[in-house]
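Have the sequence and the 3D view open, and take the points in order.

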Amino acid sequence: MKGMVYRKRLGKGRYTLQMAPMVDVVFLLLIFFLVASKIQPAEAAFKADLPGDGRHPRPPEVSRLELVRVHLRNLDVAGETVEVSLNGEVLGGDPFRTLTSRLLAADGSNMRLVIDGDPDVKVTFIATVLDAASAARVKQVVFREPRRDAETR
Amino acid sequence: MLLKRVAEKRPEINIIPMVDVVFQLIIFFLVATQVKKNETDAELELPTARTPEEIKKDEETPLIINVVKPEVDKVRPYVVMGNRFNIDELKKFLKNRKASLRLKGGDMPILRIRADKDSQFKEIQEALIACRDIEIWKIRLSAIKKKD
């Protein structure tokens, strides 16, 4: 009898929230977004600066750093392999490993590294040079300006 | 008697409209997040490296230049805010936005370049010149940190 009384009271203008269908919908939404979303790896970045020119001179402290030049040259049409040279010297073996060890051996805190290369060198190799420079804590990394048609390497 | 009647009508929180509003908010934020994500989503695969630095909050840039590989678009490789540009169009775009890019102190922000691992060096060099023309000196080149 007590139960009956309770039901009667509920029926008097009160209504209950149906939780089960709501939970169903929430789970469906959750699963949909889990499946639809693409998990992206966290992005990081390398620091690099730009060289100055006549119109836009760089601040003077840049010139006090020791200048080191890395040049990349494509060895095949597809650009899958590159030749790496450090201050004009072509690096042998695994060139990027050699580059890293050379930079690590030098004093990176006093170094200005200029990255130069063939116009069609792939960015993945540029990132590898930046990786080596970052590992050696090179003070400043700059990119060389693009060469114009009249210029020869 | 009067007091008793008032006590019978107890105030209740109506849950259903609240759930409606919550769902509306969820859907709004989901759509809004998607719009913002598009700026860094330009069909590209970033290079991987061991030592890139985490992007700090204060180095978040108001402008990101995406560079796609030649197979995707050789003529207009730059993607900024969902628009494709060639280098001349990019320079014009940056010049037009120069004033709005300035930070509160008057300095220009650090600009981030997200280049596909198979994009070409010359495209980065050209983009950097376009940045220099609007007095942006510091850039960040995005990469994915390789796990050891």
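**Notes on the predicted model**

1. Start with the order of elements in chain A: from the N terminus on, they run α-α-β-β-β-β-α-β-α-β. That makes four helices and six strands for chain A. Keep in mind while you browse that this is a predicted model.

2. Now for how chain A is packed. It has 153 residues, and buried ones make up 27% of them. If you take the contacts in chain A between residues at least 6 apart in sequence, 73% of those join residues at least 24 apart.

3. Have a look at helix α2 of chain A, which covers residues 19-36. From its first C-alpha to its last, this 18-residue helix reaches 26 Å, close to the 26 Å expected at 1.5 Å a residue. How many of the 18 residues of α2(A) are buried? The count is zero, so to speak a helix that is hardly covered.

4. Next, the place where the two chains meet. Chain A puts 29 residues into the contact, and chain B puts in 38. On the side of chain A that touches chain B, β1 (43-49) and α4 (123-135) each supply at least two residues. The largest share of that side comes from α4(A), with nine residues. Sorted by class, the side of chain A that touches chain B has 17 nonpolar residues, seven charged ones and five polar ones.

5. Stay with β1(A) for a moment, and follow it across to the other chain. Which strand of chain B does β1(A) pair with? The partner is β7 of chain B, residues 138-145, and the two strands run in the antiparallel sense over seven bridges. To pick out one spot, find A:A44: its bridge partner in β7(B) is B:A143.

6. B:F85 is found in strand β5 of chain B, which spans residues 83-85. Is B:F85 buried or exposed? B:F85 counts as buried because 20 other C-beta atoms lie within 10 Å, and the cut-off for buried is 20 or more.

7. Who does B:F85 touch? Leaving out residues up to four places away in sequence, the list is B:R76, B:Y78, B:V80, B:L90 and B:F93.

How values were computed:
Residues numbered from 1 in each chain as written. Chains lettered and ligands numbered in written order. Predicted model: local features only at pLDDT ≥ 70, side-chain atom pairs only at ≥ 80, totals over all residues. Buried ≥ 20, exposed ≤ 12 C-beta atoms within 10 Å, placed from the backbone. Contact = placed C-beta atoms within 7 Å. Expected span 1.5 Å × (residues − 1). Nonpolar A, V, L, I, M, F, W, Y, C, P; charged D, E, K, R; others polar. Pairing = 2+ DSSP bridges.
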